[in-house]
Amino acid sequence: MPSIDVCYSPELLHLYELEGKAVVAVDILRATSTMVTAFAHGATDIIPVMQLEECRAFAEQGCLTAAERNGIKAEGFDLGNSPFAYMNGQVQGRTVAITTTNGTRAIRLSEAAEEIVVGAFLNLEAVAEHLRELQLDVLVVCAGWKGKFNLEDTLFAGALAERLQGEFAFENDATLASLYLYHAAKDDMVTFLRQSSHVRRLENLEIHKDIEFCLQHDTYTVLPVWKGDRLV
Ligand code: 3SL
């Protein structure tokens, strides 16, 4: 039986073996939720990059560029990191180069894995179904916030563990803790997360509707998968 494990921050990735594993990269608020939304609204591919200048340079290749730092859209880019900005037809048929504070970093630091998929509550069952088919050991890589633990990515790990229970082995406390937290939170995640640091950060920026949207389960069936230098 394959196993599932959870890495709570990209800063802890050195403790894990990525080779031969399927990584599920997750940044619920909001990078991976936004990427899933972009694919669901017609983006052809997404190039996650770590630096603002690197991202800006993709405009010369005809890409849309998207950037967020500290919750705010960076100046001079086509798009920010709100999923709602990707729903108006602008990304249809386009390549999007994107850089965000934590989410794009979690993806790029997972490149040694056999497979990387992008996970969100929005495409939870699509992720679970793909992992059932792959039958590789799974590592959920939480983007966290600037190297630190966050609750919302951990809840996603717990939700995925719940979907895979009985089919994947939980041989570690990180997965169990994620599952227990998800059980405590799942009936009302908006309330559960009210005191969490990134929800408070986004609420200070008056980004309320993004939070509720990103916590919805199984809205989309898209599954962004890493191929070469991008998500397709
Ligand atoms: O850290 C990130 O990658 C972002 O998702 C943060 S924010 O939700 O856009 O503030």
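A residue is called buried here if 20 or more other C-beta atoms lie within 10 Å of its own, and exposed if 12 or fewer do. The model is a predicted one, and of the 232 residues of the protein, 47% count as buried by this criterion.

**Overall fold**

The secondary structure comes to 9 helices and 10 strands. Since a compact globule with 232 residues would have a radius of gyration near 17 Å, the value of 16 Å for the protein agrees with that expectation. Taken along the principal axes, the C-alpha atoms fill a box of roughly 45 × 40 × 30 Å. Among contacts in the protein with a separation of 6 or more, 79% are accounted for by residues 24 or more positions apart.

The largest nonpolar core has 72 residues, and Val24, Val26, Val140, Val141 and Leu160 have the most contacts inside it. Helix H5 (residues 151-164) contributes the largest share of this core, with 8 residues. Leaving aside residues up to four places away in sequence, Val24 touches Val117, Gly119, Val127, Val138, Val140, Val141 and Leu160.

In helix H4 (residues 124-134), the residues Leu124, Val127, Ala128 and Leu131 are buried. They lie on the same side of H4, because they cover an arc of only 95 degrees around the axis. An α-helix has 3.6 residues a turn, so residues three or four places apart point the same way.

Just after H4, Gln135 takes a positive phi of about 60 degrees.

**Ligand surroundings**

Which residues surround the ligand? The shell consists of Asp27, Leu29, Arg30, Ala31, Glu68, Gly71, Asn81, Thr100, Thr101, Asn102, Gly103 and Ala143, and the residues of this shell divide into 3 nonpolar, 6 polar and 3 charged.

Gly89 and Ala43 are 46 residues apart in sequence, while their C-alpha atoms are 9.2 Å apart in space.

Notes. Residues numbered from 1 in each chain as written. Predicted model: local features only at pLDDT ≥ 70, side-chain atom pairs only at ≥ 80, totals over all residues. Core = buried A, V, L, I, M, F, W, Y, C linked by C-beta atoms within 7 Å. Helix = DSSP H or I, 4+ residues; strand = E, 2+ residues; numbered from the N terminus. Contact = placed C-beta atoms within 7 Å. Near = placed C-beta within 6 Å. Nonpolar A, V, L, I, M, F, W, Y, C, P; charged D, E, K, R; others polar. Rg over C-alpha atoms; globule rule 2.2 N^0.38 Å. Arc of directions from axis to C-beta.
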